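User: Could you walk me through how to read some features of a structure? I would like the general idea, then the case at hand.

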Amino acid sequence: MDTFSALAAGFAVALQPGNLLWGLIGVTLGTAVGVLPGVGPALTVAMLLPLTVKLEPTGALIMFAGIYYGAMYGGSTTTILLNTPGESASIATALEGNRMARAGRAGPALATAAIGSFVAGSIATLLLTLLAPWVVELALKFGPAEYFALMVFAFVTVAAVLGSSTVRGLTALFVGLLLGLVGIDEASGQMRFTFGVPELLDGVDVVVLAVGLFAVGETLYVAAYQSRLDERIERLSGSLWMSRDDWRRSWPAWLRATCVGFPFGTIPAGGAEIPTFLSYALEKKLSKHPEQFGHGAIEGVAGPEAANNASSTGVLVPLLTLGIPTSATAAILLAAFQNYGIQPGPLLFQTQGALVWGLIASLYVGNVLLLVLNLPLIGLWVKVLSIPKPQLYAGILVFATLGAYSLHQSVVDLATLFVFGLLGFAMRRFGFPVAPAVIGLILGPLAEAQFRRALSISQGDASAFLASPISAGLLAVTAVLAIGPLAWRLLARRRA
C-alpha cells in the first residue's frame with residue numbers, strides 16, 4: 001500500500017463519527033486548558049492523560065492529538081492578551097503579540113496566530129505524511145546495537161538542550177533512568193528497588209510521574225513564587241479580523257516559518273524554542289517595516305506561531321517512526337501510547353497501520369476543527385483568562401489527584417504522585433529540566449533491553465556497538481555533543 005492509499009484509509013478511520021467526536025473534544029479541551037495562564041502543552045497533556053485510560057486506543061490517541069494542537073493554540077491567546085507565555089516557545093510571540101494587544105489590535109494578532117497555526121500545521125502534516133514511510137524504511141534496518149546507540153544519542157541531546165546547562169539536564173535524565181530500574185528485571189526475574197511495595201513490581205507508572213512532575217510540581221511552584229504577581233488582561237477592542245495589509249504581511253511569514261520550524265522538530269534540538277526565535281529574527285531582517293518591531297509588528301506574531309506549530313508537528317516524525325521523543329510533550333504522548341501496550345517505532349506502521357494512519361489523518365482534521373472552532377470563540381477564551389490563580393491551580397491540583405487515583409485506585413499512586421510533585425517543585429526551583437526525567441523513565445528500560453540483546457547476540461563482545469557504521473556514527477556524534485562544549489570552554493579559558 002503506497003503512502004496516499006494508506007492516508008486515504010486513515011481518513012476513513014479519522015472521519016468515523018466516534019473518532020471525529022473525540023477529535024472535537026480533544027481540540028476543545030486542549031484549547032480550554034491551554035489558554036489558562038502558565039499552563040503549557042506539556043502540562044495540559046499530562047493533566048488530561050488519565051482521562052483516556054478507559055477509551056479504545058484509536059479514539060484516545062486521536063483525542064490526544066487534538067489536545068496537543070488545542071493546547072498550543074490556547075497558549076498563544078494567553079501570551080498575546082496576558083503577556084504570560086505558557087512555555088518558552090511562546091516567548092517570541094509575546095514580544096510583538098502583547099504590544100499589538102496594548103495598541104488595540106488584539107483581534108488581528110489572535111487571528112494571524114490561529115490562521116498561521118492552521119497553515120503551518122497543515123503543511124507540516126503533509127511533510128510528516130511523506131517523510132514518515134521513508135524514515136520507517138531506514139529504521140527497519142536497525143538492529144539492537146543501532147537502537148541502543150540511537151537512544152543514547154536521544155538521551156544526551158535532549159538532556160543537553162532542554163536544561164539551562166548540560167549538567168542539570170543529564171542529572172534530570174539519570175533521575176529518570178534510576179526510576180526506570182524500579183520493578184522486576186526482565187532478564188533475571190528479580191525485584192529491583194521495590195522496597196517491599198507490591199504496587200511497584202510493575203515499575204513506576206509513567207502517567208503518575210508525568211502528572212506529578214508537571215502538574216503538581218508546577219502548581220506548588222506557582223503557589224510559592226508566582227501567586228502574588230499582578231497580571232493585567234488586555235481588552236479585545238477594534239476589529240477581530242485581519243486587514244488586507246495584515247494578510248499581505250502575514251502569509252509569507254507563515255510559509256517561511258514552516259520551513260524553519262519543521263526540520264527543527266524532527267531532530268532532538270530542544271523543541272520549538274530555537275525555531276521560534278530564528279523565525280522572529282528572520283522576519284525582522286526581511287520586513288519592509290523593521291521600525292515596527294518592538295511596537296507590535298504582525299510578522300513578529302505570524303512567524304513564531306507558525307514555526308511553533310510546524311516544529312510541534314515535526315516532533316511526531318521521530319516519535320512515530322523511531323519511538324524517540326524529542327520534547328517534553330512528545331514524552332507524555334509516548335506514555336499515552338504505552339498505556340495501551342503500543343510501542344511507537346518502525347513496526348508500528350506494520351502492526352498498527354489503521355491506528356497510526358488514522359492518527360496522522362486526524363491531524364489534518366484537527367487543524368480544520370481548531371480554525372473553525374476557535375476564531376468565533378475568541379471572546380469565550382478571553383473570559384477563561386479571568387479565573388483567579390489560586391482557584392485555577394487549586395483546581396489543577398484536585399484534577400491531577402483524582403486523575404492519578406483513577407488509574408488503579410491505589411493509595412501508593414497518590415503517595416508517589418505527591419513525592420514526584422515535590423521533586424518537580426525542587427527541580428523547577430533550582431533550574432533542573434523536568435522533561436529528561438520523563439524521557440529517562442520511558443526510554444531507559446527500552447535502552448537496557450536493546451543493550452542486553454546486542455551483547456547476547458555478540459556473546460558479550462562490546463565492540464559490537466562499534467562494528468556497525470550506523471551505531472558507531474551515532475555514538476561518535478553523541479560523544480562530540482557531550483564532551484565538545486566542555487572541551488571548548490576549557491580551551492577558551494586557557495586562551496584567556
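Analyst: Gladly. Let us begin with G303, which is buried because its relative accessible area is 0%; buried means under 20% relative accessible area, exposed over 50%, and partly exposed in between, with a 1.4 Å probe and protein chains only. This is a predicted model, where local features need pLDDT of at least 70, side-chain atom pairs count only at pLDDT 80 or more, and totals for chains, interfaces and linings use all residues. Residues are numbered from 1 along each chain as its sequence is written, and side-chain values use heavy atoms, with hydrogens and water left out.

User: In which helix is G303 placed, and which residues is G303 in contact with beyond its neighbours within four places in sequence?

Analyst: Helices are DSSP runs of H or I with at least four residues, strands are runs of E with at least two, and both are numbered from the N terminus. G303 belongs to helix α12 (residues 299-314). Contact means heavy atoms within 4.5 Å; setting aside neighbours within four places in sequence, G303 touches A253, A257, S279 and E283. From G303 to R256 the C-alpha distance is 7.4 Å, although 47 residues separate them in sequence.

User: How many residues of helix α3 are buried?

Analyst: In helix α3 (residues 41-48), 8 of 8 residues are buried. Among them are P41, V45 and L48.

User: Is T219 buried or exposed?

Analyst: T219 counts as buried because its relative accessible area is 6%. It lies in helix α9 (residues 206-226), and its contacts, apart from neighbours within four places in sequence, are Y393, I396 and L397.

User: How many aromatic pairs are found in the whole structure?

Analyst: Rings of Phe, Tyr and Trp (its six-membered ring) pair if their centres lie within 6.5 Å; planes under 30 degrees apart are stacked, over 60 edge-to-face, and the rest tilted. The search of the whole structure gives 7 aromatic pairs. One of them joins Y68 and Y69, tilted, at 6.1 Å centre to centre with 45° between the planes. Another tilted pair is F148 with F465, at 5.2 Å and 55°. F148 is in helix α7 (residues 144-162) and F465 in helix α21 (residues 464-467), so this pair ties together parts 317 residues apart in sequence. Both F148 and F465 are buried, and ring pairs link F148, F451 and F465 into a cluster.

User: Where does the charged end of R428 sit?

Analyst: A charge sits over a ring if NZ of Lys or CZ of Arg is within 6 Å of the ring centre and within 35 degrees of the ring normal. The charged end of R428 sits over the ring of Y221, 4.2 Å from its centre. For R168, the ring is that of F432, with 5.6 Å to the centre.
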